Each structure stands twice: as C-alpha cells, then as structure tokens.
Amino acid sequence: MADKEPVVERHVAEEEGEDSSAAAAAAAGEEEDTGAQVAPIVRLEEVAVTTGEEDEESLVDMKAKLYRFDKDGNQWKERGTGTVKLLKHKENGKVRLVMRQAKTLKICANHLVISTTKMQEHAGSDKSCVWHAADFADGELKDEMFAIRFGSVENCKKFKDLVDEIAESLAKAEGESEEGSSAAGLLEKLSVSESKPEETAAKKESADAGKETETKTEATPAE
C-alpha cells in the first residue's frame, strides 16, 4: 500500500496542472483582440432638437406650479408643474412667458407680456399670483386666467415685480409713441394751414395775369 500512494498523488497533480493550463488558455483567449468589427444593423443619425427659444435670452427661470381657471366648472384646475421662464427676443425685444411641464416638456403657458399685463397677489397665499392673458399654449389664442405658485415668497415677488416692470415699460413706450404721432399730426395740419394763404395768393396772381392778357388781346386791332 505504501508503494501505490505516490502514484495517486502524481495523477492528481497532473490533473490540477491541466486544469490550470486550460484556465490560463481561456483567460488569454478572452483578452486577445481579434480586430473584428461588427457593423450596426440600424444606423441612427443625429437629429437637431430645437425649442424655439434659440433667438431669446432668459430673464428669469424658476420652478413653479401653474393653474388655470375653468369657467365652465367655475374652479381652478392644475395646468402643470415645471419651469416658468420670461424670454426676451434678441431682435424685436418682445418678452413672452413660457412654462413647460417638468417630465413631458409640454407647453402649458405661452403668451406675450404686454402693457396691460397685470400680476396680482392671490388671496390667501403670498407665494402665488394671478393674471389674465391671451395664451397660445394649445395652438390657438385663448383668453385665460392663470394662477402660479412658487416655492418661496421671494421667488413669487421677484417674478411679479419683473412682469410688472416689463408691462410698465411697454405702457410708457406706447404713451410716448402716441404723443409723438399726435405732435406729428399737429405739425402736418399747421403746415397745411400755413400753405393755404400762399396758394390762394398765387392763384389770384395767376388769374389777374390771365385777365390782363385777355384785355390786351381784345384791345389789339385786327390787321
């Protein structure tokens, strides 16, 4: 029995050596770079995504919850939670209010801030304000009444003050434009009125000259 034991140990050692060699060969095969390239079945092309805000600069960007007043049901309904922005166009200077829902990015408010836009504090909440607007979020112009709620009193005040400032600036510009148009019209009327006596005098001189010519013609004897 003592002579057979070394033979068994030798076989076990050989088997363990073979297993180690096989494992090393497998590892080497995994690390080996074959250089093969697999072409994709479907080739996807990059698509430029536009938001319509490329020509505008953001004056304010805040998180808020928007509501609209349902006239038929006589109640407030949630319009969406997301980001509200005031965007100023880089060329014409017009400012619009845009709000998108957080997850879907669906537009829930989209209208210009005009001279008659007036933000008012919502009764019972110093974090909310209400206003009327001709909104285009649904693809058609609708007269809507909105209420918006911010996370803090400071954000609500900042938003309200900025909208009021823009509206007042527009109202002032419109007033100056109307005054300028009125002044131009008045000057035009004055210039027309002042030119009438001169035109009348010129017409009179022309008529007198014509009569004098006729008189001389009549007085000349025929040959």
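User: How are residues numbered, and which pLDDT is needed for local features?
Analyst: Residues are numbered from 1 along each chain as its sequence is written, and side-chain values use heavy atoms, with hydrogens and water left out. In this predicted model, totals for chains, interfaces and linings use all residues, side-chain atom pairs count only at pLDDT 80 or more, and local features need pLDDT of at least 70.

User: How many helices and strands does the protein chain have, and in what order do the elements run?
Analyst: Helices (H or I, at least four residues) and strands (E, at least two) are DSSP runs, numbered from the N terminus. The protein chain holds 2 helices and 7 strands. From the N terminus on, the order of elements is α-β-β-β-β-β-β-β-α.

User: What is the order of the strands in the open sheet, and which are the edge strands?
Analyst: Two strands pair if DSSP finds at least two bridges between them. The open sheet has 7 strands with antiparallel pairing, in the order β4-β3-β2-β1-β7-β6-β5. Each edge strand pairs on one side only, and these strands are β4 and β5 (120–121).

User: How many bridges join β6 to β7, and which residue is the bridge partner of Cys129?
Analyst: Strand β6 covers residues 128–135 and runs antiparallel to β7, with 8 bridges joining them. In the hairpin of these strands, 6 residues lie between them, and Gly139 takes a positive phi near 90 degrees. The partner of Cys129 in β7 is Ile148.

User: Which residue in β7 does Arg68 stand opposite?
Analyst: Strand β1 (residues 56–70) and strand β7 (residues 142–150) run antiparallel and are joined by 5 bridges. Arg68 stands opposite a residue of β7, namely Phe146.

User: Which residue in β4 is the bridge partner of Met99?
Analyst: Strand β3 (residues 95–101) runs antiparallel to β4, and 5 bridges join them. In β4, Met99 has as its bridge partner Ala109.

User: Is His111 buried or exposed, and with which side chain does the side chain of His111 make a polar contact?
Analyst: His111 is found in strand β4 (residues 107–112). Buried means under 20% relative accessible area, exposed over 50%, and partly exposed in between (1.4 Å probe, protein chains only); His111 is therefore buried, at 4% relative accessibility. Leaving aside neighbours within four places in sequence, His111 is in contact (heavy atoms within 4.5 Å) with residues including Arg96, Asp135 and Phe146. A polar contact is a pair of N or O atoms within 3.5 Å, where within protein one must be able to donate a hydrogen and the other to accept it, and residues adjacent in sequence count only if both atoms are side-chain atoms; at 3.1 Å, the side chain of His111 makes one with that of Trp131.

User: What is the length of the polar contact that joins the side chains of Glu56 and Arg96?
Analyst: Glu56 lies in strand β1 and counts as buried because its relative accessibility is 13%. Leaving aside neighbours within four places in sequence, Glu56 is in contact with Leu87, Lys88, His89, Lys90 and Arg96. The polar contact between the side chains of Glu56 and Arg96 has a length of 2.8 Å.

User: How far apart in space are Ser115 and Ile166, C-alpha to C-alpha?
Analyst: Ser115 lies in the loop between β4 and β5 and, at 22% relative accessibility, counts as partly exposed. The side chain of Ser115 makes a polar contact of 3.1 Å with the side chain of Glu174. Ser115 and Ile166 are 51 residues apart in sequence, and their C-alpha to C-alpha distance is 7.7 Å.

User: What is phi of Asn74, and what is phi of Leu105?
Analyst: Asn74 is in the loop between β1 and β2 (75–89) and counts as exposed at 59% relative accessibility. Leu105 is in the loop between β3 and β4 and counts as exposed at 52% relative accessibility. Neither is a glycine, yet phi is positive in each: about 55 degrees for Asn74 and near 60 degrees for Leu105.

User: What share of the 223 residues of the protein chain counts as buried?
Analyst: Residues 24 or more positions apart account for 49% of the contacts in the protein chain with a separation of 6 or more. Of the 223 residues, the share that counts as buried is 21%.
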